[in-house]
Amino acid sequence: FSFSWQTTFQDGGEEVEDGAVYNVTLKKVQIQQAANKGARWLGGEGDQLPPEHTVRQYETSKIRAIKAGTLEKLVENLLTAFGDADFSYISIFLATYRAFASPRAVLELLLDRFGNLETSSHGEVANLNSLESEMVLRAEIASVLRAWLDQCSEDFREPPDYMCLLKLLEYLKNNMPNSDMESRVQNLLKQFQNQEVEAIDGFCSTSSSDLVDGEELEISNPEEFFSFQDHIVAEQLTYMDVMLFRRVVPYHCLGSIWSQRDKKENKNLAPTVRATITQFNAVTKCVISTILGTRELKIQQRAKIIEKWIHIAHECRILKNFSSLRAIISALQSNSIYRLKTTWMCVSKDILLMYEELSEIFSDHDNYLTSRELLMKEATSKFANLDSSEKENQKKSQKRLQLQKNKGVMQGTVPYLGTFLTDLIMLDTALQDYVEGGLINFEKRRREFEVIAQIKLLQSSCNSYCLIPDQKFIQWFRRQRHLTEEESYKLSREAESAADTNILSPKSQKSMVKRISTLFLGTDVFTPPKEQPLKSSPVGGSSGESTDSASVSSCEFNHSETEDVCVTPVSSPEDPLKKGYDSDKGSVSSDKGSSSSKGSVFEAGSGSDSSSIPPRESGSVPGGAPRALPVYNRQSEGSCIIRVSMDGLHASVYKSILITNQDRIPDVTQRALLKHNLEPDAVEDYELVQVISEDKELVFPRDANVFYGMNSHVNFDFILRKKA
C-alpha cells in the first residue's frame with residue numbers, strides 16, 4: 001500500500017474545568033490509501049491511483065493546551081500534557097514558572113500531592129489496576145524530573161542547605177531506589193557542595209579585586225594597546241562574552257524578574273544577566289578610556305585608535321559577536337567620543353564607511369529589524385554572512401572570513417542580550433499575570449517562552465566556538481581604569497580645544513568637513529550636536545540598577561531603565577552616529593539640558609515605533625493567532641505603553657507603564673509611583689508631564705485622560721515631577 005496525508009487544524013474552542021481553562025485544537029489528518037500492485041492497470045501513473053480508486057480516511061485528534069489555571073493544575077498538567085498532545089508544555093513550564101512560583105512549591109506539589117505512589121488518584125491512571133497505575137505514574141514523574149534536571153538544574157542550587165535537592169533525593173530513595181536518577185541527583189548535590197559559591201557577576205569584571213596582588217588600575221598605554229592585533233582583541237572579547245552568555249540562566253531574563261532588580265532586597269537578583277551587563281559596560285568604558293585617557297596624544301594618534309576599534313568591531317562581526325560589536329559602536333557613539341569632530345576628520349574614508357555599515361546593523365528603524373533579522377539568519381549558520389556596499393571593505397571581509405573557514409572551526413553567535421530583555425519586559429508589561437477567577441495566565445508564559453527558546457538556541461550555538469584565552473590581553477583589559485562620564489567629557493573638551501589650535505589647514509579642514517557631512521548626514525554642512533553642560537549620570541558596572549523594562553547596561557535597550565550604565569549616546573534624531581544605540585531598560589537618559597541621550601547603554605524594553613514582541617510562530621498550534629499587543633510609541637486598540645521617569649534623582653531610570661483609553665492622571669501616576677517603589681498614596685503630590693522636545697513639555701490637568709491627551713507624534717516619554 002502507498003499512503004499520503006494532509007494535516008489541517010481547526011479551532012475547537014475552550015474547555016473549562018475546575019481550576020483550569022484549556023484551548024482545544026482539532027487536528028484532522030486526511031489519509032489517501034492505495035494498493036501499489038496493479039495501479040497502472042487501473043490507469044494510474046507510477047504508484048498513484050486515479051481519484052476514483054483512492055481510499056480516503058480521516059483521523060481527528062484533540063490537542064488540549066492549558067491556557068490558564070491554578071498552580072496545582074499547572075503542576076498536574078506536567079503529568080498529563082503528553083497525553084493531551086501538548087508536547088512543549090514541560091519545557092515552557094520549567095523555563096517560566098519562576099515568575100509565579102518557587103522551586104520548593106512546585107517540587108512539593110509534584111512529589112507530595114501527585115507523586116505519592118501509594119495515595120495518588122491521578123486521573124489519567126485512575127481506571128487502571130494499581131500496578132499499572134504505579135508504573136505509569138512512576139514513568140511520568142521520572143520524565144518530568146529528568147527534564148527538570150536537564151534543562152534547569154540551577155533551580156536546585158540553594159546553598160548551604162540544598163533543601164529541594166535533599167527532598168528530591170529522599171523521594172527517589174523511597175520510590176526509585178538505585179535508579180540512574182538517584183545517582184544523578186547524588187552527583188549533582190556533591191557538585192554543588194564542592195563548588196565554591198561564586199558570584200557569576202564577578203567573572204571578567206574590571207574591579208580591582210580581580211587583579212593580581214600589587215597591580216593597580218591604570219589608564220591604557222596606547223603603545224601597549226597597539227601591540228594587540230585586531231583579531232586577537234576581538235577573539236578575546238568574544239571568549240569573555242561566550243563564557244558569560246553560556247552561563248545566563250534564561251528565567252533571569254523574564255520581565256517579571258528582571259524588572260525587580262532595583263529593589264534593595266534584590267541586589268543579588270539575576271546575577272547571570274548582571275554579569276553580561278558588567279562585561280558590556282567594561283568594553284564600552286575601555287574604548288572610551290583608550291581614546292581619551294592619554295592627554296598627550298596628537299589628533300592623528302587619537303584617530304588611529306578610533307580606526308583600530310572600528311577594525312576590532314569588524315572582527316567581532318566576522319566572529320558573529322554582536323554583544324561586543326554593539327558595545328564598541330555604542331562607545332564610539334557616546335557624547336564624549338562623538339563630539340571629537342576634528343579627530344573624526346582624520347579617520348580614513350574606507351574606515352568611516354565600514355563604521356557606518358556596522359552602525360546600521362543596530363539601526364532602531366522598525367524596532368531594530370535589521371539586527372533581529374541578521375541575528376536569526378546567522379543564529380545557527382557556520383560563518384558570518386558579510387555584505388558590504390564598499391568594494392574595498394568587501395574584499396577585506398571576504399579575505400578574513402576565508403581565513404576563518406580555512407581553519408575548519410565553526411562559529412557560534414553571541415547576541416546582544418538587550419534585545420531579548422526588551423521583548424520580555426514588553427511582554428510582561430502588556431500581558432496580565434492572572435485572568436478571571438485568579439487563574440495564572442499561562443498563555444503569557446507561552447509567549448515568553450518563544451523569546452526564551454531563542455536565547456537557548458543561541459546558547460547552544462556558542463558551543464561551536466573554539467577560543468583560547470590570552471592571559472596577557474585579559475590582564476591588560478582588567479587593569480584598565482575607566483573614566484567617569486564627567487572625566488571623559490572634560491577630557492573630550494580638552495582634546496577638541498587643543499585640536500582647534502593646530503593640525504588641519506583651512507583648505508583640508510573644509511574638505512574633511514564636507515566628506516564627513518556627506519557620508520553621515522547627506523548634506524554639505526557638518527553640524528555636531530549642540531553641547532550643553534554635562535549632567536552627572538549613574539555610573540557602574542552594569543546597566544540601570546533600577547529599571548523596569550529590561551536593562552543590561554549596553555547601548556541598546558530603549559531609553560528607559562538602566563542598570564549601571566556607563567556610556568551616554570547622543571540623543572537627537574539627527575545624530576548620524578546614534579543609529580545603533582537605544583535602550584529601554586538600562587539607559588542613561590538625562591534631564592533637559594544634559595548632553596547625554598535619553599537612550600542609553602544596555603536597555604531592555606521596546607524603544608521603537610513598532611512592536612517589540614515577536615509574532616507567534618506560524619507553526620505553533622495551540623491558541624491560534626494572538627491578539628495585537630500594546631507597544632511603546634504606538635497607540636493600538638485603545639492601549640499603548642509609555643515610559644515614565646522620576647524628575648531629579650531618578651531621572652535616568654524609566655519604567656514601562658501600560659495605559660488604556662480609560663486611564664486618567666491619578667491612575668497612571670499611582671502605577672508609576674509603584675513601579676518606582678514609592679508610596680502610591682502620594683498621588684496628589686505629583687504632576688505628570690510628557691517630554692515633547694528638549695525645551696518643550698506637555699503638562700496634564702489633574703483629571704485628564706492620558707491616552708487621548710498625549711501627543712502621539714513624539715516619543716511616549718513622561719516625567720513624574722513633584723509639585724512645587
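Let's start at a crossing: helix 11 and helix 15 cross in the left-handed sense. This is a predicted model, so keep that in mind as we walk through it. Helix 11 covers residues 299-318 and helix 15 covers residues 349-360, and the two pack at an angle of about 45° with their axes 10 Å apart. That angle makes helix 11 oblique to helix 15. On the helix 11 side, the residues that meet the partner are Glu307, Ile310, His311, Ala313, His314 and Arg317; on the helix 15 side they are Ile351, Met354, Tyr355 and Leu358. Sorted by class, this contact of helix 11 with helix 15 has six nonpolar, two polar and two charged residues. A bit of helix geometry is handy here: with 3.6 residues a turn, an α-helix has residues three or four places apart pointing the same way.

Now step back for the overall picture. The protein has 24 helices and twelve strands. Of its 724 residues, 55% are buried. Take the contacts between residues at least 6 apart in sequence, and 73% of them join residues at least 24 apart.

Five strands form an open sheet in the order 9-8-12-10-11, with mixed pairing. Its edge strands are strand 9 (654-660) and strand 11, each of which pairs on one side only. From one strand to the next, the twist averages 40°. As a reminder, strands of a sheet pair through backbone hydrogen bonds, either parallel or antiparallel.

Strand 8 (residues 639-646) runs antiparallel to strand 9, and seven bridges join the two. Here Cys640 stands opposite Ile659 in strand 9. Helix 18 (residues 417-430) lies across strand 8 and strand 9, running at about 40° to strand 9. Helix 23 (residues 665-675) also packs on the sheet, where it touches strand 8, strand 9, strand 10 and strand 12. The direction of helix 23 makes about 150° with that of strand 9.

Over towards strand 11, look at strand 10. Strand 10 (residues 686-693) pairs with strand 12 (residues 717-722) in the antiparallel sense over five bridges, and Leu688 stands opposite Leu720 in strand 12. Strand 10 also pairs in the antiparallel sense with strand 11 (residues 696-699), over four bridges. In that pairing, Gln690 stands opposite Leu698 in strand 11. Strand 10 and strand 11 form a hairpin, with two residues between them.

Back up the chain, there's a cysteine to look at. Cys253 sits in the loop between helix 8 (230-246) and helix 9 (255-258). Its relative accessibility is 0%, so Cys253 counts as buried. What does Cys253 touch, leaving aside residues up to four places away in sequence? Its contacts are Val248, Trp258, Val273, Leu417, Leu421, Leu424 and Ile455.

Finally, go to helix 3 (residues 103-113), where Pro103, Val106, Leu107, Leu109, Leu110 and Leu111 are buried.

Note on methods: Residues are numbered from 1 along each chain as its sequence is written. This is a predicted model: local features need pLDDT of at least 70, side-chain atom pairs count only at pLDDT 80 or more; totals for chains, interfaces and linings use all residues. Side-chain values use heavy atoms; hydrogens and water are left out. Two strands pair if DSSP finds at least two bridges between them. Buried means under 20% relative accessible area, exposed over 50%, partly exposed in between (1.4 Å probe, protein chains only). Contact means heavy atoms within 4.5 Å. Axes are lines fitted to C-alpha atoms, for helices over the stretch in contact, and angles run from 0 to 180 degrees between N-to-C directions. Angles under 35 degrees count as roughly parallel, over 145 as roughly antiparallel, 65 to 115 as roughly perpendicular and the rest as oblique. A crossing is left-handed if the near helix is turned anticlockwise from the far one by less than a right angle, and right-handed if clockwise. Ala, Val, Leu, Ile, Met, Phe, Trp, Tyr, Cys and Pro count as nonpolar, Asp, Glu, Lys and Arg as charged, and the others, Gly among them, as polar.
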